[in-house]
Amino acid sequence: MLSLPTIKGSRLQPNQTVGVIAPASPVSKSKIVEGLQLVESFPLKVRLGSHLFDRLSYLAGSDHDRVSDLHQMFSDPEIKAIFSTRGGYGSARLLDKIDFGLIRENPKILVGFSDLTALLISLYKETGLVTIHGPTLSDLPRGKNWQHLSRLITTSHKPQISLAHGKAVNKGKARGMLLGGNLSTICSLLDTPFLPSFESVILFLEEKGESPYRVDRMLTHLLLSGRLAQVSALVIGKMEDCGEQELLYSLLQERLGSLSVPVVTGLPVGHGDENISIPLGLPALLDTERMVLEIEEAATS
């Protein structure tokens, strides 16, 4: 699967410095003030990217400036973790401009989700860096998002995530490397060099604001690509504003029920009030009998 050895960012300690970047869509300061206050209350020092509040139509500044902020955070020895302002669109535009060697030489905690899936999984693919699928600053104040994230990146915690509110489409138990993220973003990376192999992967998928036929189209795309034939299990996260849940479950049964691996819903990650933080690139166990997803290593070193 991955030839590069896995690397991890160092566990965060109080009074260390974290960076904030905007790799995708633009954001106003008012949208991230509460999230910044939570981070600072740990306490952590915060350094904002030079182009954090830039705007260029639907992007948070030019590709050059957004990737420059990313490189700046990874190269600065004082920065121990990197948070993102929001998703939206634009992360994939940076992938062919990233200095992956720089990142491999300076492994750090990187947190994000949604459109930032492109950044998280490409960094894992190209460097072996364990990244964190978790809330952006704009979503950090919701529910227990900060509580879950801070525990993951400041302790040796190995999450055991309950899927009790989900349903098993296909029952079973499976082990594999945990990867995943936003469904439409993953589909957009098919047939590019930045999407990791799905061989023996426990893959999770989440989505927001796509009608059922679009979800069907994207799942069909993954099926026809042959990628889902490689996974050891498939876990469905939140499908926020994607139609009625009964219809969605029927769609998942019809499209994914023929897979010969465990398939389950109920992972509390993605858009909405609850977005539990989980590491990408670590071994995990899925058990539909106990309805639990267990991460078998700490996310940090």
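First, some ground rules. You're looking at a predicted model, in which local features need pLDDT of at least 70 and side-chain atom pairs count only at pLDDT 80 or more, while totals for chains, interfaces and linings use all residues. Residues are numbered from 1 along each chain as its sequence is written, and side-chain values use heavy atoms, with hydrogens and water left out.

**Stop 1: the largest pocket**

Select His165, Gly166, Gly266, Leu267 and Pro268: of the 31 residues lining the largest pocket, these lie nearest its centre. A pocket here is an open set of points on a 1 Å grid over the protein atoms alone, where a 1.4 Å probe fits, with protein on both sides within 12 Å along at least five of seven lines; lining residues have an atom within 4 Å of a point. The space inside comes to about 710 Å³, volume being what is filled by probe spheres set on the points, with grid points joined across faces, edges and corners.

Now colour helix H5 (145–154), strand S6 (160–162), strand S10 (233–240) and helix H8 (245–256), each of which supplies at least two lining residues. These elements are DSSP runs numbered from the N terminus: helices are H or I with at least four residues, strands are E with at least two.

Where does this pocket sit relative to domain 1 (7–154) and domain 2 (160–295)? Both domains give residues to the lining, so the largest pocket lies between them. The domain bounds come from an automatic or database domain assignment.

Colour the lining by class and you get 13 nonpolar, 12 polar and 6 charged residues. Ala, Val, Leu, Ile, Met, Phe, Trp, Tyr, Cys and Pro count as nonpolar, Asp, Glu, Lys and Arg as charged, and the others, Gly among them, as polar.

**Stop 2: the second largest pocket**

Next, pick Arg86, Phe113, Asp139, Lys208 and His271, which are among the residues lining the second largest pocket. Its volume is about 180 Å³, and its lining has 1 nonpolar, 7 polar and 4 charged residues. Domain 1 and domain 2 both contribute to this lining too, so the second largest pocket lies between them.

**Stop 3**

Two strands pair if DSSP finds at least two bridges between them.

Zoom in on strand S9 (residues 201–208), which pairs with S10 in the parallel sense over 6 bridges. Glu207 stands opposite Met239 in S10, and Lys208, also part of the second largest pocket's lining, stands opposite Glu240 in S10.

How many of the 8 residues of S10 are buried? The count is 6, leaving S10 mostly covered; buried means under 20% relative accessible area, exposed over 50%, partly exposed in between (1.4 Å probe, protein chains only).

**Stop 4: the six-stranded sheet**

Switch to S2-S1-S3-S4-S5-S12, the order of 6 strands in another open sheet with mixed pairing. Strand S2 (45–48) and strand S12 (278–280) have a single partner strand each, so one side of each has no neighbour in the sheet. Inside it, strand S4 (residues 109–112) runs parallel to strand S5 (residues 131–133), joined by 2 bridges. Look for Val111 opposite Ile132 in S5.

**Last stop: Ile98**

Select Ile98, in the loop between strand S3 (79–84) and helix H3 (100–105). Ile98 is buried, with a relative accessible area of 8%.
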